[in-house]
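User: I have a structure open and want a quick walk through some local features. Can you take my questions as they come?
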Amino acid sequence: MIYADTIRALDVRFVRWPLKMKRRHGVGDVEKVLPGVVLRLEAEDGSVGWGEAAPWAVFSGTAEANAAAIDVYLRPLLIGRRASEVARIMDEAAHAIVGHGEAKAAVEMALYDLWGRIAGVPVAALLGGVFRDRIPLSVSIANPDFEADLLFLEERLADGVRLFKVKTGFLTHREDLVRLEALKTRLPDDAEIRIDYNQGLEPYGAVAKLRDMERFAPGFIEQPVKRDQRDAMGDLARAIDTPILADESVFSPAEAIDLVSRRYADAVSIKLMKAGGFTAARTIAAIAGAAGMPAYGGTMYEAGIALAAGIHLVAATPNICLGAEFYTSRYVLGVEILREPIRLDDGASHLPAGSGFGIEVDEEALASVTVDRRT
Ligand SMILES: [Mg+2]
């Protein structure tokens, strides 16, 4: 049988996102250009659903591998299938290829977007309904050019942003303290600093360093040590008063079970790219929520499709309540692929109106960054 939502075409594009600014993290740097993957599904009724994979080689996986995972290994699970069969297709995808979470995230996104468009409802409704349509925006301070970052901070404050995540651990501890001091003096009382080490700290001596950081009253300190150093992270969480947030240590629901059973951190960053899609991301949120743990809406270097998907995820998931960072398409990437960019104002990102993700992709802008396309 052929239905309106039967998938008749798939094309996967390997893209190169130009970057407007340098970014530095404990785990590695990003400069000038970053590869990514965009997926387009077309249904029998002509509707289109979009997905995006945003891997980062030092964090999760490569764009080359994720493009091939979709093109070669996941394509056969999609052509001729209905978008609304998403649970069955994603279960098959889990068995078809190990890992490649970003590819699976892209596929699940495109399926939900297509299903929502054809059903005439937003993806957040398919995920359980809209709990919030306004998500406090957290902006990362990560430019190695600190003067540029201070200017960036001023501009974001003028935009109403009040959550700032400072990337630390790529300079000396002393330099980190100087940066934080400079930032703190520029922030109004209602702003909150968070600190993200991106695994950049050695456990040896870490307690004293984090205690130094507590003078800036950070809302949380994220992933101070390597992803596998969970016992060390637990020691830090117990030694300081500030909550510790796990990011790189928790990719999967199984790792979330380990987190809540050992309580080596107080909260978790949830990313569609780490989890490998909506279902796994919402399972991680549910595990954390059942243990009384809040979650944060993290991103990778994502363009508008993945950001819109993340907004629908957070909109429908009550305990992802620590804000989210859905700004890369505006401030970091040098190209906008949405006709109507993600709405960021009043210190928040906002749920787009309309069915599916409520976005329209500018195919010309997308073509300008596409270097390879498989249909
Ligand atoms: Mg992080």
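User: Is His-100 buried, exposed or partly exposed?
Analyst: His-100 is partly exposed, with a relative accessible area of 29%. The cut-offs are under 20% relative accessible area for buried, over 50% for exposed, and partly exposed in between (1.4 Å probe, protein chains only).

User: Before we go on, what kind of model is this?
Analyst: This is a predicted model: local features need pLDDT of at least 70, side-chain atom pairs count only at pLDDT 80 or more, and totals for chains, interfaces and linings use all residues. Residues are numbered from 1 along each chain as its sequence is written, and side-chain values use heavy atoms, with hydrogens and water left out.

User: Back to His-100. Where does it lie?
Analyst: His-100 lies in the loop between H2 and H3. Helices (H or I, at least four residues) and strands (E, at least two) are DSSP runs, numbered from the N terminus.

User: What is the phi of His-100 near?
Analyst: His-100 has a phi near 50°, a positive value in a residue other than glycine. Most residues other than glycine have a negative phi. Gln-223 also has a positive phi, near 35°. Gln-223 sits in the loop between strand S10 (221-222) and helix H8 (230-239). Gln-223 is buried, at 0% relative accessible area.

User: Now H2. Which residues are buried there?
Analyst: In helix H2 (residues 86-96), the buried residues include Val-86, Ile-89, Met-90 and Ala-93. Seen down the axis of H2, the buried residues fall within an arc of 95°, so they line one face of the helix. That arc is taken from the directions from the helix axis to the C-beta atoms.

User: Why would that spacing give one face?
Analyst: An α-helix has 3.6 residues a turn, so residues three or four places apart point the same way.

User: What do the buried residues of H2 pack against? And which are exposed on the other side?
Analyst: They pack against helix H1 (63-78) and helix H3 (101-119). Contact here means heavy atoms within 4.5 Å. On the other side of H2, Ala-87, Arg-88 and His-95 are exposed.

User: At what angle do H1 and H3 pack?
Analyst: The angle is about 45°, and the axes are 9 Å apart. Axes are lines fitted to C-alpha atoms, for helices over the stretch in contact, and angles run from 0 to 180 degrees between N-to-C directions. H1 and H3 are therefore oblique to each other. Under 35 degrees counts as roughly parallel, over 145 as roughly antiparallel, 65 to 115 as roughly perpendicular, and the rest as oblique. Residues in the contact include Ala-69, Ile-70 and Leu-74 of H1, and Ala-103, Val-107 and Leu-111 of H3.

User: Switching to charges. How many salt bridges are there?
Analyst: The count is 36. A salt bridge is a side-chain nitrogen of Lys or Arg within 4 Å of a carboxyl oxygen of Asp or Glu.

User: Which residue does Arg-88 pair with?
Analyst: Arg-88 meets Glu-85 in a salt bridge (3.6 Å, N to O). Arg-88 is exposed, at 55% relative accessible area, while Glu-85 is buried, at 19%.

User: And Lys-274, which residue does it meet?
Analyst: Lys-274 and Asp-247 form a salt bridge at 2.7 Å, N to O. Lys-274 lies in helix H10 (residues 272-275) and Asp-247 in the loop between strand S11 (244-246) and helix H9 (253-262), so the pair ties together parts that are 27 residues apart in sequence. Lys-274 is buried at 5% relative accessible area, and Asp-247 is buried at 1%.
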